[in-house]
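Trainee: I would like to learn how to read a structure like this one, feature by feature. Could we look at it together, beginning with a single residue and its place in the fold?

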Amino acid sequence: MTGLQTPPGLRTAASTAGWKLCRHHRDESGAISLWEHPSGAKHLHHERCEEREHTFGVVIETPATDDRGAAHVLEHWVGAGSAAYPMSSALLTASQRCGSAFLNGFTETGRTSYTFSATDAEDHRGQLDVLLDAVYHPLLTDRTFAREACRALPSAEDAARAHAWTGVVHNEMRLKPERPTQWLSRLFAARHAPGSHHGFRHEGVPSALPELTAADTRAFHRAHYRPGASFSFGTGPGLVDALTALARVTADAPAGRTLPAEPSRSVTALHPPAALARRSWVTATLSWPGRETASWAGALHAHAVLIQAWGRRGNDRLICPPSAVGDDVVLLVATPGDGLDAQAREEAGQSLLREISKTTDGASPEGPRPPTLLEHFAEPYGGLPDGIRWGLAVSAARSAGLAPFALLVPGSVEVASVPPRPAAAFLDPAGLIAEPGGPPTTERVESDQALWRLQPPSQDARCLPLRPLGDRPWQPLAPAHAQGPGLDLLDPPDADGSVVARVSLPVDRSDAPLLQPLVKLLSLGAGETRLLPGIPQVREEGRGVVADLFVAGWTPAGWQRSTSRLRDLLDGQQGAVRASAVVSGLLRAGSGRLLLSPQELSESAAFAEVSATGAAHDAMAGLPAMVAWKGMTDSEAVVAGLRRLLDRAERAPVRLLAFGSAALVVAKDLAAMLPPPATDDATHWDTAQARDRIRVPARGEGYAHALVWPLPPAAAPAVAEVLARDVQRRILHPWVREEGGAYATHAFYDPGRGGLGIWIHADPAGEERLARLRERICERYRPPDHDGLETARLMASRTFTPRPVTGPREVVRRWGPASRGGGGLLSVTADDLEQAVSTWLGPVRPAAATLG
């Protein structure tokens, strides 16, 4: 926007290294500004009123030319050391030392994003420097490529298994099988827009990853990671810092957009999911021209109507999310076409088009107001920090061909109705399918192992910025003070004066699958009460399993009204049928998917009929597993189970937590209405009791491991937290990723049950991994130096620092013994950690399990 008057508050930013203000909008929520650098780089910033958190993201256009996953491998590889910060896992470690509350990269169709959040300006500046140096000046060594991408396993025993390859990205993608709708979308794009990158899976396909080389990936980086072609976003008060840091990396960059990468060879074949490799499809499409705002609005509206009317997979019809194909926005619906002759295909396609037209003409999705376009683009990023979610949604809209600034300013775009163009066709993958890859050759094994014997990358983190905990404006978590039966007070400095109720619901194994559907149905008719988002927290209590539901705005009368509404629904014939359909759909949606969260695992463990103790232990360990079950299909059983849970919910004990002294008066009045309090002591583990295993199908997807050490009741929570973080950073993460290529590792202290645990998943190593981990941690642990101790304290401080209540997990910590005991992190010494290992971890063998 030529000649735009720069607002006074932005003049400093405007003069920073030549950035020009292109657009600006201010309303009651804050200010949004769009900036452009002479190099071509663009930055979008949202300064929200009274927001203190800083978020930042940089988005690189990374169009794929095959299924080998170069974009995804680079997302991991750039974090393994850079010119200014030559330390393995530099990005992750920097976030731990800078107090970053969030750090992650995202590889999506056509783009790669790197994001983080920070609590104050100094941490924001430190993390900005490390991130931008990693993105634009990475070391990209052959040794770290073999770790992050894919390498051949050395032994004949490993080669004899179905998977003879390992690597962090390779193992991750083995655990993320492509959904049928994803495959259909890219097959359609490959057939109808053969020059488009939308036909390839940008994250990579395991069967294609072994073909990717370090040289090809470096060439991909040179072609696409150009500062002048980047788009970045930020929220919070850090605009000037963001523009300054971006100016440093864009100063010498040539102007202009990214040039297409030159592939090392011609690659057109696609790598499909094995079960769908040879299947053909009858398709019906609605195409909106132009990829404009109106086109996306029409496609998303029709998609929402079809999903609500048919379900995500109703009657073997696959409904694919709208996608860009050529110059159009296309909504694709498909049904299997194997064995049909030409006439039958034509009739099936026309019939499908008629069904779509009948369902969508004049229809609107049920429920509250339809979401805006930006809210549609934000849906995949639910659960991320608000600023990151906002920025990624804007980036997705931009990638879709929309003007993101227009979507952010209400009333700046008029969405007109655009009629779609219907078409029916037969989609056959013949001629597009790659041959499946085989095991590595002897030459490949020898070459990869010679590379693997090279010097491992440096683990010395002292090159990275570090702010000691004692130098921070940090306050330990305020202890929860008991104020009477059924009531606790937590009074952190910025408490919002809210009251949250914990409803402790006993659960039988037979009803465990209905927990999440119950919360969903209660939330739909909650009225003045509101269940906090997230899956119910499942824990041991005595010999049973209890699910904790967390409710905001709880009152006895309001809770009674919420449960009564659901009971009335179940008592009516139509309502019972509808509730049963909703529940069955939720259960089917969860069938056979990867379960990662502790709460999901407890639920599935209870369903699989392991013991209550086994379910609770799995909940704490966070042990991941592929749990295959088809859900409950008997509507009478569903309704009967929901009624049993409702009966218990109405009689369940309740405990209140008041945030801030201003809420105490309200909470005391509510507490006077509570039933007599039940015992609320933390349940500690029986160290002599073995831990059960979840039954898992043998799918050859690698192993999941968990080690759990029950701690004595007198264990100091602050020492346990710091020890868990030190083990995770210095032992677990580097060792497992270096030696095994595991995708994810975590070490943690659980204050509710008094245990120290670690878990690993997507790990190609077998049961011997457990014995080696025990030895590495219990017998070979050495206390950290001063730098390492400060890093572990900083990592642990995230648990003890007051933050707004954003979900059940945060509320649970307020009731945990660590909260009641205060922080004490500054007093933890290296000697404390060494003593804790010898006392807590040495004499007691941890409970353990390996799942394969």
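Mentor: Let us begin with Leu140, which lies in the loop between α4 (121–136) and α5 (142–148); helices here are DSSP runs of H or I with at least four residues, strands are runs of E with at least two, and both are numbered from the N terminus. This is a predicted model, in which local features need pLDDT of at least 70 and side-chain atom pairs count only at pLDDT 80 or more, while totals for chains, interfaces and linings use all residues. Residues are numbered from 1 along each chain as its sequence is written, and side-chain values use heavy atoms, with hydrogens and water left out.

Trainee: Is Leu140 buried or exposed?

Mentor: Buried means under 20% relative accessible area, exposed means over 50%, and partly exposed is in between, using a 1.4 Å probe and protein chains only. Leu140 has a relative accessible area of 8% and is therefore buried, and its phi is near 55 degrees, a positive value in a residue other than glycine. Arg291, in the loop between β10 (281–289) and α11 (293–310), also has a phi near 55 degrees, and with a relative accessible area of 19% Arg291 is buried.

Trainee: How many helices and strands does the protein chain have?

Mentor: The protein chain comes to 29 helices and 28 strands, and buried residues make up 56% of its 852 residues. In helix α2 (residues 70–77), eight of the eight residues are buried, among them His72, Glu75 and His76.

Trainee: How should I read the packing of two helices, and at what angle do α2 and α9 cross?

Mentor: Two packed helices are described by the angle between their axes and the distance between the axes. Axes are lines fitted to C-alpha atoms, for helices over the stretch in contact, and angles run from 0 to 180 degrees between N-to-C directions. The axes of α2 and helix α9 (residues 214–224) come within 10 Å and cross at roughly 85 degrees. Angles under 35 degrees count as roughly parallel, over 145 as roughly antiparallel, 65 to 115 as roughly perpendicular and the rest as oblique, so α2 and α9 are roughly perpendicular to each other.

Trainee: Which residues of α2 and α9 meet?

Mentor: With contact meaning heavy atoms within 4.5 Å, Ala70, Ala71, Val73, Leu74 and Trp77 of α2 meet Ala214, Thr217, Arg218, Phe220 and His221 of α9. A second pair to look at is α11 and helix α12 (residues 342–360), whose axes come within 10 Å and cross at roughly 100 degrees, which makes α11 roughly perpendicular to α12. Here Ala302, Val305, Leu306, Ala309 and Trp310 in α11 meet Glu355, Ile356, Thr359 and Thr360 in α12.

Trainee: How many disulfides does the structure hold?

Mentor: A disulfide is a covalent bond between the sulfur atoms of two cysteines. Counting pairs of cysteine sulfur atoms within 2.5 Å, the structure holds zero disulfides.
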